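I opened the notebook with the ligand site and the space around it in mind, and then turned to the backbone. The entries follow in the order in which I looked things up.

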Amino acid sequence: MTLKNDSNPRTFPGLASRGLAALLAVVFAATFSGCHSTPKTQPATKTSSTAQHPVEPIKDTMTPAQRDARIAWWRQARFGMFIHWGLYAELAGTWNGKRLENHPGEWIMNRDRIPVADYKKLAATFDPTKFNADQWVAMAKASGVKYIVITAKHHDGFAMFNSAANKFNIVDATPFKRDPLKALAIACHKQGIKLGFYYSQDQDWTAPGGAALRGGHWDKAQDGSFAEYVHTKVIPQLKELLNNYQGEDAPDEIWFDTPTKDMTPELAGEIVAVLNKHPNVLWNNRLGGGYQGDFETPEQHIPAQGYPGKNWETCMTINTTWGYKSFDTDFKSTETLLQNLIDIASKGGNYLLNVGPDATGVIPKPERDRMLAIGKWLKVNGDAIYGTQPGPFTDQHGAYSTTKKDRKGNPRWVPVWDWRATAKPGTVYVSIFEWPHATFSQSNQGIYAGRYKPQGAQVFPKREWHHGEAAGQSARSNRQRPSAADRIVIDKDSLAVHAPQSAQQVQLQRHDHAVRVLEEHIVLSIDISIDYLAEPTHPATEKKED
Ligand code: JFZ
């Protein structure tokens, strides 16, 4: 591969200015305006949707353009905040003086086999007087999230909203007597944040007939007909959730969970018929009954390649529990969380990061701190995340382990946290986690020693980066960090190093903008959007997720 850095007239230092890069972005956008309207999702054929499902989801009756418009906000959002909040917050992970280990707090009723009557008593003392919807939403907004998803009803069956359909709810059964979902809907509407409701449609440990995973029912009060449970609780409550917040334009999505075989295609179809009356409401892939929903929901992990061509969202705990546990202090570092967000964006997904408020209505400070630190980074670098597509490079940032297995027994994906790229038409954003381990300067060979070698890259403005750390030391604590104003400019020939002729077919499917950049013989401007690592966060408790 010949490198032509000097001969390319456009790789001049002036490119380092943001203004010029922005200008180029506009030029590229104009050049490729024909290609970004291309729908990614193919229309489902009549046979595949109607044959499988008694009721066809509304999206399957739409044109690709309508379907894209319906989910556009969600695709651009990239970052959301999950909230697991319910009666279990009162127990905070402890029942009868015994700490619940190895299970999340919201599963305590099931894991400790708490009798239905005893669990229901928790409502009488649930009084989250410190709950303040405006504060929660303001915090979410400052964290840079574009949407919130909150547990309207979790597996314990307790409705965190005003429900005429079932009295086991926060308005009728607690001294609090208010509907926090209403307050959140109002606050979200005011502050421009989308709002989704999590609803456990299948498991319900306090309603007769509701399902119970991990051992089945443990209390006679749980026995009954699943269909009757769906008809008398699930469908009426879903109607409430879909209709009672319309003044606030909510909800924007319903997040179903843990489908079992009980959820037959017919019962699920009845639910879909209700959802279809609200064509803009998105719903995830966990309804059951064979329905795919609008998006995939990998949980607690980031898939190695994302889900090319699909909408997907990784949901993840900020420590190790979803529902509040007073003694879970195993928080992921801000740096890990940010790298997860960037990794997910580079693969075209959303990051739904969870917080677990306590029983007084307070989001624990370590969780708030981390959320806000992410928001601080996004404020400077958000254009590398929001509304982006996967980056153009085919580099694999990791490898499948030959020894470690994942939950399903397959070789585990072990990521390398070096750098990730995202893209918008005409612009590629490179976020670098591991700044190179060597002295390097503006020469073709010297720029990147170590793993990352985009030969031909040039760093502007002209200056040398010295990296003062010994090999093997923590690369995080003291490495030299680039600032947001720095640029790497890579010309088409050096880009071709990453995209050999043979690989371009593969690239065309996911990264058409970048491939067209190559074909047009123009310089690709790459924004380095890094800044955040300058802040020391929590070096002692760092933990990498895979
Ligand atoms: C589910 C819930 O059970 C959990 O409480 C939380 O709400 C989370 C977001 O979603 O978590 C699951 C679902 C399925 C499995 C594990 C956790 N599973 O199949 O192993």
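I began with the lining of the largest pocket, whose residues divide into 19 nonpolar, 13 polar and 15 charged; here Ala, Val, Leu, Ile, Met, Phe, Trp, Tyr, Cys and Pro count as nonpolar, Asp, Glu, Lys and Arg as charged, and the others, Gly among them, as polar. I was working on a predicted model, in which local features need pLDDT of at least 70 and side-chain atom pairs count only at pLDDT 80 or more, while totals for chains, interfaces and linings use all residues. Residues are numbered from 1 along each chain as its sequence is written, and side-chain values use heavy atoms, with hydrogens and water left out.

I noted next that 47 residues line this largest pocket, and that P298, E299, Q300, H301 and R407 lie nearest its centre. A pocket is an open set of points on a 1 Å grid over the protein atoms alone, where a 1.4 Å probe fits, with protein on both sides within 12 Å along at least five of seven lines, and its lining residues have an atom within 4 Å of a point. I found about 1300 Å³ of space in it, a volume being the space filled by probe spheres set on the grid points, which are joined across faces, edges and corners.

I then looked up the ligand, which takes the space of the largest pocket (more than half of its atoms lie within 2 Å of the grid points). Its shell, counted by heavy atoms within 4 Å, includes H84, E106, W107, Y198, E299 and W322, and the shell residues divide into 4 nonpolar, 4 polar and 4 charged.

For polar contacts (pairs of N or O atoms within 3.5 Å), I recorded a polar side-chain atom of E106 at 2.5 Å from a ligand oxygen, and a side-chain N or O atom of W107 at 2.9 Å from a ligand oxygen.

R78, a residue other than glycine, has a positive phi near 65 degrees. Most residues other than glycine have a negative phi, and most peptide bonds are trans.

Technical notes
A polar contact is a pair of N or O atoms within 3.5 Å; within protein, one must be able to donate a hydrogen and the other to accept it, and residues adjacent in sequence count only if both atoms are side-chain atoms.
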